[in-house]
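Hi,

Here is the structure I promised to pass on. Have a look at it first, and my notes follow below.

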Amino acid sequence: MSRQYEKMQVKELKQLLKDSKMVMSGEKQTLVWRLKLKDKIMNSSLICYDGSLPHQINASKLRIACAKEGVSCIGNQDEMLELLVAALEKKSSNNSNSSC
């Protein structure tokens, strides 16, 4: 079942982010974006080099994870997370293609 975050109140979105150990600041659109990215991470079973979930790591660990995946570790936490997720998705699809 797909969540309709856009229809939720900011208070509800922030609670979901808190429950997911994610940054809770920002405008509603940003909160929705973070939750959708978290869903993408969970649905794709993406994990970092150390076995942690990308959306649950702090900024310093996020920089390390980005560096290990060869993506820019410059920018705010949302920017780095988006780049990291893209790299992990690419890596995941390359691994699944090579096993065929």
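For the first note you need one cut-off: a charge counts as sitting over a ring if NZ of Lys or CZ of Arg is within 6 Å of the ring centre and within 35 degrees of the ring normal. Please keep in mind that this is a predicted model. In it, the charged end of Lys68 sits over the ring of Tyr49, at 5.0 Å from the ring centre. Aromatic pairs, on the other hand, number zero.

Next, helix H2. It covers residues 28-44, and its 17 residues should span 24 Å at 1.5 Å a residue, which agrees with the 24 Å between its end C-alpha atoms. Its buried residues are Leu31, Val32, Arg34, Leu35, Leu37, Lys38 and Ile41. Just after H2 comes Ser45, with a positive phi of about 55 degrees.

Now the salt bridges, six by count. One of them joins Arg34 and Asp78, whose closest N and O atoms are 2.9 Å apart. This pair links distant parts of the chain, since Arg34 belongs to H2 and Asp78 to helix H4 (residues 77-98), 44 residues apart. Both Arg34 and Asp78 are buried.

Lys38 also forms a salt bridge, with Asp39 at 3.6 Å between the closest N and O atoms. Lys38 has a relative accessible area of 16%, so it is buried, whereas Asp39, at 22%, counts as partly exposed.

Finally, Lys61 bridges to Asp50, with 2.9 Å between the closest N and O atoms. Lys61 lies in helix H3 (residues 59-69) and Asp50 in the loop between H2 and H3, so the pair ties together parts eleven residues apart in sequence. Lys61 is partly exposed at 32% relative accessible area, and Asp50 is partly exposed at 36%.

Best wishes

How values were computed:
Residues are numbered from 1 along each chain as its sequence is written. This is a predicted model: local features need pLDDT of at least 70, side-chain atom pairs count only at pLDDT 80 or more; totals for chains, interfaces and linings use all residues. Side-chain values use heavy atoms; hydrogens and water are left out. Rings of Phe, Tyr and Trp (its six-membered ring) pair if their centres lie within 6.5 Å; planes under 30 degrees apart count as stacked, over 60 as edge-to-face and the rest as tilted. Helices (H or I, at least four residues) and strands (E, at least two) are DSSP runs, numbered from the N terminus. The expected span of a helix is 1.5 Å times one less than its number of residues. Buried means under 20% relative accessible area, exposed over 50%, partly exposed in between (1.4 Å probe, protein chains only). A salt bridge is a side-chain nitrogen of Lys or Arg within 4 Å of a carboxyl oxygen of Asp or Glu.
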